[in-house]
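Me: Please take a close look at one part of this model. I would like to know how it is packed, what it touches, and what lies around it.

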Amino acid sequence: MESSLKELAGYRMERAKEMLSAAEDNLKISQYKTSLNRSYYAIFHAMRAMNILKGFDSSKHSGVIAYFNKEYIKEGIMDKELSVIIKSSSFLREKSDYDDFFIVGRTETENQLASAKVFWKQ
């Protein structure tokens with residue numbers, strides 16, 4: 001069981017890496033909203049990878065985030081700055097995905113990508 005959880009975590013980290021690469025590619029071609037989305041999912045899949053190592057999974061983004069914050073950030077295992085990154089990236093992803101008139105620029109998108117890279121390196 002433990003080895004299968006590690007394999008699943010590894011798979012999820014690979015997905016996170018793919019999302020990070022896609023975010024970079026989308027930024028290069030000025031697809032800012034899509035880049036924001038992919039940056040968020042790089043973070044999201046990394047959180048799911050960490051959570052599954054403790055046997056937790058959720059179909060809801062809020063559940064994944066809450067568990068990660070409780071088990072890794074509040075316990076001091078991961079840096080508190082990650083909580084700010086998670087909150088900001090989640091907000092921007094929701095705005096870019098669901099707000100028809102949300103406008104995002106290159107700088108904000110670059111910042112989101114940089115935050116995803118910080119998160120992923122942890």
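Reply: The crossing of α2 and α3 is left-handed. Left-handed means that the near helix is turned anticlockwise from the far one by less than a right angle; clockwise would be right-handed. Everything here comes from a predicted model, in which local features need pLDDT of at least 70, side-chain atom pairs count only at pLDDT 80 or more, and totals for chains, interfaces and linings use all residues. Residues are numbered from 1 along each chain as its sequence is written, and side-chain values use heavy atoms, without hydrogens or water. Helices are DSSP runs of H or I, at least four residues, numbered from the N terminus.

Start with the geometry. The angle between α2 and α3 is about 60 degrees, and their axes are 9 Å apart. Axes are lines fitted to C-alpha atoms, for helices over the stretch in contact, and angles run from 0 to 180 degrees between N-to-C directions. The pair is therefore oblique. Under 35 degrees would count as roughly parallel, over 145 as roughly antiparallel, and 65 to 115 as roughly perpendicular; the rest is oblique. On the α2 side, the contact is made by Y40, Y41, F44, M47, R48, M50, N51 and L53. On the α3 side are H61, V64, I65, Y67, F68 and Y72. Contact here means heavy atoms within 4.5 Å.

Now look at N51. This residue sits in α2, which spans residues 32–53. N51 is buried, at a relative accessible area of 1%. Buried means under 20%, exposed over 50%, and partly exposed in between, with a 1.4 Å probe and protein chains only. Beyond its neighbours within four places in sequence, N51 contacts F56, V64, Y67, F68 and Y72. A polar atom of the N51 side chain lies 3.1 Å from the backbone oxygen of V64. Y67 is 16 residues from N51 along the chain, yet their C-alpha atoms are separated by 7.2 Å.

F68 is another residue of this contact. Its partners, not counting residues up to four places away in sequence, are M47, M50, N51, I73, M78, I86 and F119. F68 also belongs to the largest nonpolar core, which has 29 residues. Such a core is a set of buried Ala, Val, Leu, Ile, Met, Phe, Trp, Tyr and Cys residues joined through side-chain atoms within 4.5 Å. The residues with the most contacts inside the core are I43, M47, F68, I86 and F119. Two or more residues come from each of α1 (2–28), α2, α3, α4 (81–98) and α5 (106–121). The largest share, 9 residues, is from α2. In soluble globular proteins, nonpolar side chains tend to be buried together.

Further along α3, which covers residues 61–73, is E71. E71 counts as buried, at 18% relative accessible area. Its side chain makes a polar contact of 3.4 Å with the side chain of K54. A polar contact is a pair of N or O atoms within 3.5 Å; within protein, one must be able to donate a hydrogen and the other to accept it, and residues adjacent in sequence count only if both atoms are side-chain atoms. Leaving out residues up to four places away, E71 touches K54 and I77.

Next, the other partner of α3. α3 packs with α4 at about 170 degrees, with axes 11 Å apart. That makes the two roughly antiparallel. H61, I65, F68, N69 and I73 of α3 meet L82, S83, I86, S90 and R93 of α4. V84 also lies in α4. It is exposed, at 59% relative accessibility.

Back on α2, H45 is a helix residue too. H45 is buried, at 5% relative accessibility.

Finally, T109 of α5. T109 is buried, at 0% relative accessible area. T109 and Y32 are 77 residues apart in sequence, but 6.0 Å apart in space, C-alpha to C-alpha.
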